[in-house]
Amino acid sequence: MTMPTNAPTAAHALTDVTASDSTLRRFLHGLPGVDAVGLEARAASLGTRSIKTTAKAYAIDLAISMVDLTTLEGADTPGKVRALGAKAVHPDPSDRTTPATAAVCVYPDMVATAKEAVAGSSVKVASVATAFPAGRAALGVKLADVRDAVGAGADEIDMVIDRGAFLAGNYMKVYDEIVAVKEACGTSARLKVIFETGELSTYDNIRRASWLGMLAGADFIKTSTGKVAVNATPANTLLMLEAVRDFRAQTGIQVGVKPAGGIRTTKDAVKFLVLVNETAGEDWLDNHWFRFGASSLLNDLLMQRQKLATGRYSGPDYVTVD
Amino acid sequence: MASVFEYAPAPESRSIVDIAPSYGLFIDGEFVEAADGKVFKTVSPSTEEVLAEIAQAGEADVDRAVKAARKAFVKWSALPGSERAKYLFRIARIIQERSRELAVLETLDNGKPIKETRDADLPLVAAHFFYYAGWADKLEHAGFGASPAPLGVAGQVIPWNFPLLMLAWKIAPALATGNTVVLKPAETTPLSALFFADICRQAGLPKGVVNILPGYGDSGAALVAHPDVNKVAFTGSTAVGKEIARTVAGTHKKVTLELGGKGANIVFDDAPIDQAVEGIVNGIFFNQGQVCCAGSRLLVQESIQDELLESLKRRLSTLRLGDPLDKNTDIGAINSEEQLTRITSLVEQGEAEGAERWSPACELPESGYWFAPTLFTNVTQAHRIARDEIFGPVLSVLTFRTPDEAVAKANNSAYGLSAGIWTEKGSRILAVANKLRAGVIWSNTFNKFDPTSPFGGYKESGFGREGGRHGLEAYLAPSSPEGER
């Protein structure tokens, strides 16, 4: 539950909070605080849910279908991106009942290659634009980056916010940038807004950033780039799930959540699904509303899936390297 | 498209615990039958299955046990503190080693979820023995005189809500200070205490230092009244506490009573709402609300009442009630049929008084004793459900407008054991906490326990403190040697 008591309740009234710098600041600072100890304790206690057998099989397939299979290296080549695309479509060549991943996530210059690689499948192409991962470029450059990716056919844009502006309290600047990027996405691409939660430092900031992103029109809010020390954690993801839950209660608008970075094992992924299930609810248990930004996670999910199917643990040579 | 994420059952194996068909009394290091041969049955509240037949202590058994404890006291109290510490450390380590077995046992006998016995009860039980083991050789530095002496034989009577934890709260400080013990566990939950007797033997504890006498109220009454008991420690209902106070009045027995409560959980409008909701849930639904310090009165600032209640109801809808041995169960069974009847009757009174009752959609198992998590709104100070301890998963919601009103309402209770304050404003936490008449006050959390922290109440919640350095005081005579009692 996240609305401050003085907050307007109707959806149209929420747009008033972005009328000026001061109204926006007042709104964000009026959000209920986050007690760090309590938040982390809740995340930890949900992590003790024991998920076995049928529930685990369901969770593994769901998690696979939620993966944004990602390659974001300076050394990316078309060959690497094509390999990634093929894996996204058929994650486990030995078992065609394995669901496809949600998307492949690449740099803008690789979007066209990725589109070709996943053509004819359900797999979306996401692209990190807006001067990823630092976000330190002029707005014009960021928007050109976005248009480039959208023009090449990207279905989803993962933008980073200007953390410097956010930490300086310049919320309006961050808001305006997100609005502009959303506009550049047009109607064809969904926008994921990355906060780089590790740099925002406090849970209060993460809650404010979540609301800021949603007010500005984010389709997804995403924890991090995967390029800093602290990325997705159960606690910051729980917090963001509370934010989307409350935002929908206030506005009727549903926003997705994407934890990214640091989720490597099936066990971890299942814990995140438990957070989704018990916080935002089953409406979010779908790859339209929840994603994992993770590259190494998929192979562990596949190995666990094979183990459930065969009763044996096969090992890393029985899944494809990226 | 997503089907509901149904967690498959994840039951803890009960084969890890080996429950014998019958148990005796533990006197002078041996399991013995009751002098009059009386026995009673202990059942599992979640299934009504009979777990074992237990010997029932009568007056003659109490006398035997107190004599054994008196005899053992001579040597035990003469041991250097560091030697007593060795035994306590050993007991603590055995508890850790056997914690899974004990957690399953406790869940079977008590009905509380394995999640709680595993993650809360057992770690705290071991922690209490470790903590007081550390004090055993430092008593002269505890602030109770230069050479504090033990009192003698402690007669201890504990309740059924945290059977093993209450045993630890009682036995650990008693042994650390050099006293010997005769303990009566509750009639509905004697098993873990009897397993503890076995742990005492495993640890090589000298005979007679710990004696366990299962039985009903009359066994407890005989123990409390025994002339050769020097110290009485009781945790349980206020009614029985008053009875004990009457019994020991005029004797030289030292007494501590830890009784009922009707804790106020105060949520201000600037609280961290999501965490407050968790705290409210933990405050009243932990151990099915069968907690003396439960936050059973929610005092919420009027301005956020609606949204807080909406959040709370949504959260309650995610609570999982059922088989306590399932690792995913949040709410287990009520401890006994008698307690279930009491809860049911108080809740019916609440409805009759005009308070609004709400429970999440929740299927109750067919056998066993169950009560759905329940919320009462439109409650006033004049309602019985705002005044009487229900000792069940029932939350009464009241409102306030100003901090003064919150304090006045919180203190307007015959009890004074616990309270909670939820606000992001540090100065308000301190200001309000200073005005609350309660033994434990949590801020932005609830139901947190630690062996280093003293626990106890004001008014009808009892007197004396358990836990921490303060907990030693109840078992020490500052300057008078044992002979002067």
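Helix 1 (residues 59-78) of chain B and helix 7 (residues 217-225) of chain B pack at about 45°, with their axes 9 Å apart. Axes are lines fitted to C-alpha atoms, for helices over the stretch in contact, and angles run from 0 to 180 degrees between N-to-C directions. This is a predicted model, in which local features need pLDDT of at least 70, side-chain atom pairs count only at pLDDT 80 or more, and totals for chains, interfaces and linings use all residues. Residues are numbered from 1 along each chain as its sequence is written, chains are lettered from A and ligands numbered from 1 in the order in which they are written, and side-chain values use heavy atoms, with hydrogens and water left out.

**Helix 1 and helix 7 of chain B**
- The angle makes helix 1 of chain B oblique to helix 7 of chain B (angles under 35 degrees count as roughly parallel, over 145 as roughly antiparallel, 65 to 115 as roughly perpendicular and the rest as oblique).
- Helices (H or I, at least four residues) and strands (E, at least two) are DSSP runs, numbered from the N terminus.
- Helix 1 of chain B passes helix 7 of chain B in a right-handed crossing; a crossing is left-handed if the near helix is turned anticlockwise from the far one by less than a right angle, and right-handed if clockwise.
- B:Glu59, B:Val62 and B:Val66 of helix 1 meet B:Ser219, B:Ala222 and B:Leu223 of helix 7, contact meaning heavy atoms within 4.5 Å.

**Helix 5 and helix 6 of chain B**
- The axes of helix 5 (residues 163-176) of chain B and helix 6 (residues 191-202) of chain B come within 8 Å and cross at roughly 50°.
- Helix 5 of chain B is therefore oblique to helix 6 of chain B.
- The crossing of helix 5 and helix 6 of chain B is right-handed.
- Helix 5 contributes B:Pro163, B:Leu164, B:Leu167 and B:Ile171 to the contact, and helix 6 contributes B:Ser192, B:Ala193 and B:Phe196.

**Strands of chain B**
- Strand 10 (residues 231-235) of chain B pairs with strand 11 (residues 254-258) of chain B in the parallel sense over 5 bridges; two strands pair if DSSP finds at least two bridges between them.
- B:Phe234 stands opposite B:Leu257 in strand 11 of chain B.
- Strand 11 of chain B also pairs with strand 19 (residues 462-463) of chain B, in the antiparallel sense over 2 bridges.
- B:Glu258 has B:Gly462 in strand 19 of chain B as its bridge partner.
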